[in-house]
Amino acid sequence: MSNRPLTIEELRDSISSELEGNPPLWITRRPGKYSVNVYINNAMILLEQSNFQSKLKVNGDTMTQVLHIINEVLEPVRSNSAESPIYNPNAFQFLNQSENLNLGDHRVRTFRQRIVIEKKEAIFKAEGRFTFFIPVDEGFKPEPRPQKIDQLVIDGHVLPNEVLFTAPTPDKVPYPTLVFNDNLRVVVSFLKSQNKVYVQSDTLVGDTTHQAGVVLAEIVKANIPVRNGVVHLIQRPLMVVDSTVKDFLEEKEDGPVYKFYETIRDFGDDIMSSINHLTDVTLFAPSNDALDEPGVKQMLQDKKRIKEILKLHYVKERLTLEKIKDKSVSQVPTAADKKKLYFNVVQGPRENQTVTVEGGGVNATIITPNIAATNGIIHIIDRVLGVPYTTVLDKLRTDPMLNSTYLLGQRRGFNDQLNDTTKRFTYFAPLDYAWKEASNNYPSTTKKLFMPEYSYHTKQILERHLVIADQAFTMAKLREISNDTLFLPAARDILKLRVKEYGESYTLEWEGKRIRVVRPDVECTNGIIHVISAVFLKDSDVRVTGGASLATLAPHLIMILIAKWHL
């Protein structure tokens, strides 16, 4: 309650409440779907039920009242000690009196001590608008961690000129901390996942004692209003990188990737030990939501397969998101035998970039990148790699490297069969670059293939690439069964191939040509795609010279004969 009758339009950055000490109520405006949403602290004003005004006579004077309906109760800072009441504290008074406040089981003595030792009290006493992140005592283990809380780390826990409550603050929007200069640059953003709210510090520019990268901490008690802003109690300090990849996975039983850790622990045998002994490792850790997918739960029944799938999630080098975005790396071998990860950077409509990683045919998006560890980096992804969830058709439709193959397959309904889950397909799919190369080698032929009137021939050529059998063939399987030449039951005639293996790569020999398998074993729910570097195309497939070839005339001749028969 405030002593000023203000409509929504009249609300500014804050208003004084009527509670003893007159603590401020902080106002936040955020764009909504249909209008601007307005928040009082963490509570949203229900616009359609607000701005109700009435007049009231008190001692002969007419007073105006304004009523706003909000979606949650406003909670002030409360003392649990009658001897030490506290009204409208600033952030430092909050820290000093924390033992007398209603904070549940949380204690903040360690961080307060570091603030005093480093002589940083002034920041927490300053008037103005701030967001303070205070680590609880439980987060200062192992023992050396408190000593790493220096002046710059303390500054990295404070956002100036921003009062950010969790409900109105958008996800993944970086806000500069007090540490933001040429020598050391740290931003903080919020992240919501599975009914939890996390804060992450991202040290964009580090130094010898402050490692670059992300530190993720759960907000264990949020939205505590103080006179100079808002306080959030967090599970561990930001900016401090002193945990291994294994430590991060084990840190919290309900952490953002704990289900993935449980899977490694229960089925991975020595995988965790292998990761822990690496000095440079990048782990692509599926989120808890990803492990809840039905297909993944079914896969967990196959212990032999799951071990290979887990190995698909880490590589033996440090790969930051920036390194992937710079396209200095597009593919990298994993710990799984002859399995690679492939990266793609998608440009968004607002110049934002989304980075995807493909492993075993599954495309996952990196949703929380660059979590720093002493021996590597963790990227949280939104799917489990190697567990297919799309048909061959869906994979073609969404794969950025196979646009031409998909679009050509839309002609004459060729693609329709690829959604049939009762069949097993092995599809040698040319990547987009392969079609461009074909246009250089066979310019007239390829040009015609992209013309609707030649869709009959296009379909025939694609059928040459598609094997339909009682099983889908991995490249390893094809290599195993091919002593010399393979004869595979393609949708059109028999596909004759030779498979050669060079190190961790495969090459196909077809009609005297060597064709590289760019991405082998892209697994789907009804088959496997092998992405290849060239089209199974011959110059005689479509003749476009003055005289038409038999292949060109065949369908027309058939139609003429049918017409004559009817006559």
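This is a predicted model: local features need pLDDT of at least 70, side-chain atom pairs count only at pLDDT 80 or more; totals for chains, interfaces and linings use all residues.
## Strand pairing around E13

Strand E7 (130-135) and strand E13 (residues 229-234) pair in the parallel sense over six bridges, where two strands count as paired if DSSP finds at least two bridges between them. Strands (E, at least two residues) and helices (H or I, at least four) are DSSP runs, numbered from the N terminus. Residues are numbered from 1 along each chain as its sequence is written, and side-chain values use heavy atoms, with hydrogens and water left out.

E13 also pairs with strand E12 (213-226), and here the two run antiparallel and are joined by five bridges. Lys221 stands opposite Leu233 of E13, and E12 and E13 form a hairpin with two residues between them. Six of the six residues of E13 are buried, so this strand is largely enclosed by the rest of the structure; buried means under 20% relative accessible area, with exposed over 50% and partly exposed in between, for a 1.4 Å probe and protein chains only.

## Helix H2 and its cover

In helix H2 (residues 109-117), the buried residues are Thr110, Phe111, Arg112, Arg114 and Ile115. An α-helix has 3.6 residues a turn, so residues three or four places apart point the same way. The elements that cover the buried residues of H2 include helix H1 (91-96), helix H3 (121-125), helix H4 (151-155) and strand E7. Just after H2, Lys119 takes a positive phi of about 60 degrees.

## The largest cavity

The structure holds four cavities of 30 Å³ or more, a cavity being a set of points on a 1 Å grid over the protein atoms alone where a 1.4 Å probe fits but cannot get out. The largest cavity contains about 110 Å³ of space, a volume being the space filled by probe spheres set on the points, which are joined across faces, edges and corners.

This cavity is lined by 13 residues, and Phe248, Glu251, Lys252, Gly255 and Pro256 lie nearest its centre; lining residues have an atom within 4 Å of a point. E12 supplies the largest share of the lining, three residues, while E12 and helix H5 (245-250) each supply at least two. Domain 2 (91-234) and domain 3 (253-381) each contribute at least three residues to the lining, with domain bounds coming from an automatic or database domain assignment.

Key. On a 1 Å grid over the protein atoms alone, a cavity is a set of points where a 1.4 Å probe fits but cannot get out, and a pocket is an open set with protein on both sides within 12 Å along at least five of seven lines; lining residues have an atom within 4 Å of a point. Contact means heavy atoms within 4.5 Å.
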